[in-house]
Amino acid sequence: MKKLVCLILSAALIFALCITGAGAVEETNVAFGKYVSGEVNGQGNIEVTLGFWALEYLTDGLVPEYPGDNQDRLGWYAGAYVREVDMTVTIDLDGDYDCSRIYLYPQKFLEGTNFPSSYTVEISDDGENWTVVGQEEDLDGARSEPMAYGFESTKISYVKLHVTLLSSVADGNAFYAGLGEIEVYGVEHVEGQTDPGTTEPDPGTTESDPGTTEPDPGTTEPDPGTTEPDPGTTEPQPATGDTAAIFAVVAVIVLAATLVISKKRAVR
Ligand SMILES: [Ca+2]
């Protein structure tokens, strides 16, 4: 009987160490430096450049201050003469990753009033079949904090933002959509490991980049005082790594108690 209990306890300890170890895997921004492509169907320009915006600036790890000393990499900026559009930007993660959350950062330019109003955030492991993990309708107003979308850890290789309605802030006759950065948090996928656990990500890793470039975006300043912040931001979901650790500790305590009770019975 004693040998059997020891065997069960040893197995439980190994199991506990395995799942707590898995829970300690740290998620990082796996979109950093990855290739971004854009596509527009119908009207619009997927990439307004003018030296300050480019698709690649969505994953360069920077959200520069505006006005600031280095605002030549403000982010991605698209425009059209109509508000309803069909635009997509897609990040190729260049590999398989188990991801659980995505952040969309507004630009500091125009105080974030160029943030798109309606869009979906989608994930895919093959670039063909997509799952929507975030959706907004008719957002409006200045935006200073990133929009966060949490979901169950999923193996993915691509992240897509599908914009269907540009910001209501018009520059002359044109409307725009702009983002400073897209972050995707996850860990490298290991075959046969479907749920590696998560740890709290740090959405604040995107840094402002000091520099000396003089600003000259050449666009009309909107009036930020006419738009109100939208409180309807999506709350990030809690990480699951702590749950795994708690479960492991409880399992060890229960089995240790079993051992003690067995010993007492043996004494009797
Ligand atoms: Ca950026």
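Welcome to a chain with two helices and ten strands. Helices (H or I, at least four residues) and strands (E, at least two) are DSSP runs, numbered from the N terminus. Residues are numbered from 1 along each chain as its sequence is written. Because the model is predicted, local features need pLDDT of at least 70 and side-chain atom pairs count only at pLDDT 80 or more, while totals for chains, interfaces and linings use all residues.

**Overall picture**

- From the N terminus on, the elements run α-β-β-β-β-β-β-β-β-β-β-α.
- Of the 268 residues of the chain, 37% count as buried. A residue is buried if 20 or more other C-beta atoms lie within 10 Å of its own, exposed if 12 or fewer, and partly exposed in between, with C-beta atoms placed from the backbone.
- Two residues are in contact if their C-beta atoms, placed from the backbone, lie within 7 Å. Among contacts between residues at least 6 apart in sequence, 82% join residues at least 24 apart.

- The predictor's confidence in each residue is its pLDDT, from 0 to 100. The chain averages a pLDDT of 77, and 63% of the residues score at least 70.
- Over residues 4–10, pLDDT stays under 50, and the model has seven contacts beyond four places in sequence for them.
- Where pLDDT is low, the predicted coordinates should not be read in detail.

- Two strands pair if DSSP finds at least two bridges between them. An open sheet of three strands has the order 3-9-8, with antiparallel pairing. Its edge strands are strand 3 and strand 8, each of which pairs on one side only.
- Strand 3 (residues 76–80) pairs with strand 9 over five bridges. To trace this pairing, look for W76 opposite L179 and G79 opposite Y176.
- Strand 8 (residues 170–171) pairs with strand 9 over two bridges, and A170 stands opposite F175.
- Strands 8 and 9 form a hairpin with two residues between them, and G172 in the turn has a positive phi of about 70 degrees.
- Five of the six residues of strand 9 (residues 174–179) are buried, so this strand is largely enclosed by the rest of the structure.

**Strand 5 and its partners**

- Strand 5 (residues 118–124) runs antiparallel to strand 7 (residues 147–165), and seven bridges join them. Here Y119 has V163 as its bridge partner.
- Strand 5 also pairs in the antiparallel sense with strand 6 (residues 131–136), over five bridges.

**The nonpolar core**

- A nonpolar core is a set of buried Ala, Val, Leu, Ile, Met, Phe, Trp, Tyr and Cys residues joined through C-beta atoms within 7 Å. Of the 52 residues in the largest one, W76, V159, I182 and V184 touch the most other members.
- Strands 3, 4 (84–105), 5, 7, 9 and 10 (181–188) each give two or more residues to this core. The largest share, eleven residues, comes from strand 4.
- Leaving aside neighbours within four places in sequence, the contacts of V184 include N29, I91, L93 and V159.

**Residues to look up**

- G186 sits in strand 10 and is buried, with 26 other C-beta atoms within 10 Å. G186 and N29 are 157 residues apart in sequence, yet 6.7 Å apart in space, C-alpha to C-alpha.
- Most residues other than glycine have a negative phi, and most peptide bonds are trans.
- L50, in the loop between strand 2 and strand 3, has a positive phi of about 55 degrees although it is not a glycine. L50 is exposed, with 12 other C-beta atoms within 10 Å.
- D94, in strand 4, is not a glycine but has a positive phi of about 60 degrees. With 13 C-beta neighbours inside 10 Å, D94 counts as partly exposed.
- A cis peptide bond joins Y66 and P67, with omega about -5 degrees. P67 is found in the loop between strand 2 (35–40) and strand 3.
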